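Q: Please take a close look at one part of the structure below and describe its side-chain contacts.

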Amino acid sequence: MKTCESPIFILPEYLLFLSDVTHRKNRGKLHLAATAIDGDLASSVMTVSETKSAAILGAVATHPDYRRRGLSRELVRTLATRLRREGKRVFVLSASEQNTRFYQHSGFTVIADFKEIFSA
């Protein structure tokens, strides 16, 4: 399903992605939250990295038919709350101003700016 793909979220190669997610889930290093509407996956979020004391949320996606309903925002809040109850600090990395606003509306505060540096 490539309908969630956008300029800032490129779907990874499926088998590599599935292998990584399965590996992390089996080792307790992945948390996931999703919403289904009428049996269809509508929105999801997961941790993209975890340690004993911290987690980074990412891979937030909502099917275009279900956007603008606050589904992703609620899932991000729900998963962040679950992780905090486990004693973890929760972070997100934002590559765009639009994503930063989304995370701020989801309860996050900007604590630092970062730049991507590419090397040949």
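Where in the protein chain is confidence lowest, and where is it highest? After that, which residues do the ring pairs link into a cluster?

A: This is a predicted model, in which local features need pLDDT of at least 70 and side-chain atom pairs count only at pLDDT 80 or more, while totals for chains, interfaces and linings use all residues. Residues are numbered from 1 along each chain as its sequence is written, and side-chain values use heavy atoms, with hydrogens and water left out.

In the protein chain, confidence (pLDDT, the predictor's confidence in each residue, from 0 to 100) is lowest in helix α1, residues 14-26, at a mean of 67, and highest in helix α2, residues 71-85, at 96. Helices here are DSSP runs of H or I with at least four residues, and strands are runs of E with at least two, numbered from the N terminus. The chain mean is 85, with 82% of residues at 70 or more.

Ring pairs join Phe102, Tyr103 and Phe108 into a cluster. Rings of Phe, Tyr and Trp (its six-membered ring) pair if their centres lie within 6.5 Å; planes under 30 degrees apart are stacked, over 60 edge-to-face, and the rest tilted. The structure holds two such pairs. The ring centres of Phe102 and Tyr103 are 5.1 Å apart with planes at 70°, so this pair is edge-to-face. Tyr103 and Phe108 also pair edge-to-face, at 6.0 Å centre to centre and 80° between the planes. Phe102 and Tyr103 are buried, as is Phe108; buried means under 20% relative accessible area, exposed over 50%, partly exposed in between (1.4 Å probe, protein chains only).

The charged end of Arg84 sits over the ring of Phe108, 5.8 Å from its centre. The criterion is NZ of Lys or CZ of Arg within 6 Å of the ring centre and within 35 degrees of the ring normal.
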